[in-house]
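Q: I am new to reading protein structures and would like a careful look at one part of this model. Could you take me through it slowly?
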Amino acid sequence: MAVDVRVPVFDERANLQGKPGLHVLIAGVSGYPNLPAPGDNSPGSPAAFGMRQLSSTTLTAYKICQWILAHKDSFPVPLATCRVLLTPGAGELAAEPSLQDFPRATVNNFLQAAKDWRSDAATSPDNMTLFYFAGHGIERSKGDAVLLLEEFGDGLGGALRNCVDMYNIYTGMANAEGGGPIAQRQVYFVDACRNLPRAVPNFERESLGTTPAFNVTLAGEDKRSAPIFYAAAPGTTALALPGQQTVFSMALLQCLEGDAGVFEDVDGQDRWHVSVYSLSEALAVKIEDLNQALGGQQYYTPDGQQINKPICFLDQAPTAEVVFEVDPFDALSLARIEVLDNAGNTLVTIPWPLDPYPYRARWTAGFCKIRATIQPPDPRYKDVQQDWMLRPPRRPRKLRVT
Amino acid sequence: MSQLSFRTEFHSSELQQLELPVEVRKPNMALVTRTLSTETVDVPPGTYHIVATLPAGVELYERAEVVADKATVVVLRPDPADVSPSESLEVQRYFVGTPVASTLPMAAALGLESLGPSEDTATLRILAGNPLAGDRLVGQLTMGDPGTLLAPQPPPERGIARFVCWSGTGRFVQLLQRGQPPLNLALPISPDVGCTLDIVRQLTGPLAPELHLPNVGADSTLRYYERGLLDQVRTAIGAISFERLLQQKMADPIAAAVGAYMLLRLGELDRLHDWTRNLANMFPWLPDGLALWGEHQARLGRHAEALTSFLQLPDRGLPIFSDGLSYTVDRLRLYSRFPIAGQPPESAGRAPDLLARLQQFADSVDFRKPILTFTGLDPSRPDDELLDPSAPASSELDGLDVLQHMG
């Protein structure tokens, strides 16, 4: 039985009684019915452009939804609505049967959900919005991507009829002619490839055939904070662990959990939070870490109007990954490492000699001193003590004892 | 209150000129202020932690004890493990961050001769012409040529070939390497100001071109932007230096364009004043002036003016910076689809045509690079075809031998 797309997964509008809130729209598409299944080597129809179903993007979107619901009080304004559209693949449904309880990410459902999402966003400029798409995508320019919805590849009408484009969504969420002022804090996440399939000829003529999510009425000044975080740079691919989760979402959730944490003033009070700028910086580091761990080569790019605003708050100081080595390596067995607070008290006990090496750990963000004592003394090396600032996501350090 | 100021101890002129974005924090990590290394801040006595990030991501950190009524100078130095091995490598280590392979490929190092076409060849060409006007770009070359000058310089270090590019009619520099797609980079030069091009032998992969602007502030801002270090970008352009650049637009409109792009990206529309219009009007050779003015007007809701500006782009050519192309393409697509109040009727049909032409370039652009970079042996018809490693040498591919000038 089809689930009513007009009913958000989460709806606190009645309780908020018109107060500003966060309005979320999430879409995850994996089980494109007109594309060959993962592992199916048949070429597929010409309308498929050589693409196949995905195995993790719907699960990813679901995990993003779950995270937002679990942290509904961590945003600058309370979570007001959360709309989720999911088209799972067979494997994802088997892993998480509840995915079938969501409206599917069809074109009509997306248009309805986007319309309702926008309507909610336009109730106050103090609202906030969050958009997350996970699925197939096609490049057009730095600031744009074509997002493929469930029916893509059905061979009816224009090749991109069952797609929406990011720039239309982005410009459609600006203040509109004759409309009320819309949420001035917006954040977009596009977790999709941005390459151009070789099978797409004369792409520009095709691109005019995407289905507009919004009828854009150009009006007024655009002063939104509206960053777009693209999982893949134009011309590159976004990667995923099959059947599990996308690389971008893993990095994003690590960042939102604290790896992008900064301690700065928000409305007159110093608070640990994740901001547009801190997320921009930390995402690059985390994705590179995952590239190295998984053997991938993914490059994320930020775009949109990047005015620095808080995205979410942290309950406590986050931890930062520390990585340190002794230079030269020959001194490793002699260098006893201590981590001290500013009063000289031991903060953390470190194995001697360092093990594992390079030594990795997660410590609470803050300032400390790190001391290397050569034991027994050796004329080739010297004791050193350095101040160290630990802040997320990662702080490597090489202690030179010569 | 007491004064806190900063000093760096770099050796290269580029790093010495750099106004470094600095953060001042309290012991509980709360931010006190962001400023530039050339500025002095007033703070109450106490302990402060000073952090500065170099464009390549290297952090400088010092702790400072500020006492009452006494000025404190904090010397910001790299960690001993991050110190550049030589002055000549400071720019590569602290600006660019790409590790340089300072040793030759094994075969060449052993003095061995290749028995077939050598894959380790690289050629540079300067290309002139306006691809948007339908020109087929033609090559111009080196010293003595009346066109754009590409002059080899002494290599700063092994594994790097350096060239200085002086203005003429040249629009692109093309790097040809067998087995790689020909790489075209827009030249960030003006009639009065050139640029530096380094060709770097990386640890793995093909040779990498790195363009450097002579204005160190603009160059570093592009590097911060490329790395997603937006706090540093904002601090750098928050300085008077960038505003002075825009005021001194006759001196360096390329650096001014960088500042304008960054202000647009960070949504600081109020600080743009009339600079984008001046860039568009006072430099009729600068495509980016039109892209900047167009996007600025669009952000202000003046879409008819924006479209008029974008539609003039074919007269000037492709923007030098990739953001300029992206802004233009995105706005033209929007205006092709949705009517603008006050839109001149004659422009209705021109937007889709220009969009189609620009999209051909956008498909081959590496938008990770701030300076317009795209592939194709014929830059007026970009593609991603590789340069055939087995093809015989052709005069069409003649140019400046890069490896001959590499350290």
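Which residue in β22(A) does A:Val323 stand opposite?

A: In this predicted model, where local features need pLDDT of at least 70 and side-chain atom pairs 80 or more, while totals for chains, interfaces and linings use all residues, side-chain values rest on heavy atoms, without hydrogens or water. Residues are numbered from 1 along each chain as written, with chains lettered from A and ligands numbered from 1 in written order.

A:Val323 stands opposite A:Pro396 in β22(A). Strand β16 of chain A, which covers residues 319-327, pairs with β22(A) in the parallel sense over 7 bridges (pairing needs at least two DSSP bridges; strands are DSSP E runs of at least two residues, and helices H or I runs of at least four, numbered from the N terminus). These two strands belong to an open sheet of 3 strands in chain A, ordered β19-β16-β22, whose pairing is mixed. Because β19 (359-364) and β22 (394-400) of chain A are at the edges with a single partner strand each, one side of each has no neighbour in the sheet. From one strand to the next, the twist averages 30° (the angle, from 0 to 180 degrees, between N-to-C directions of axes fitted to C-alpha atoms, for helices over the stretch in contact).

Turning to chain B, the axes of helix α7 (residues 253-265) and helix α12 (residues 322-337) come within 10 Å and cross at roughly 50°. Where they meet, B:Tyr261, B:Leu264 and B:Arg265 of α7(B) contact B:Asp323, B:Gly324 and B:Tyr327 of α12(B) (heavy atoms within 4.5 Å).
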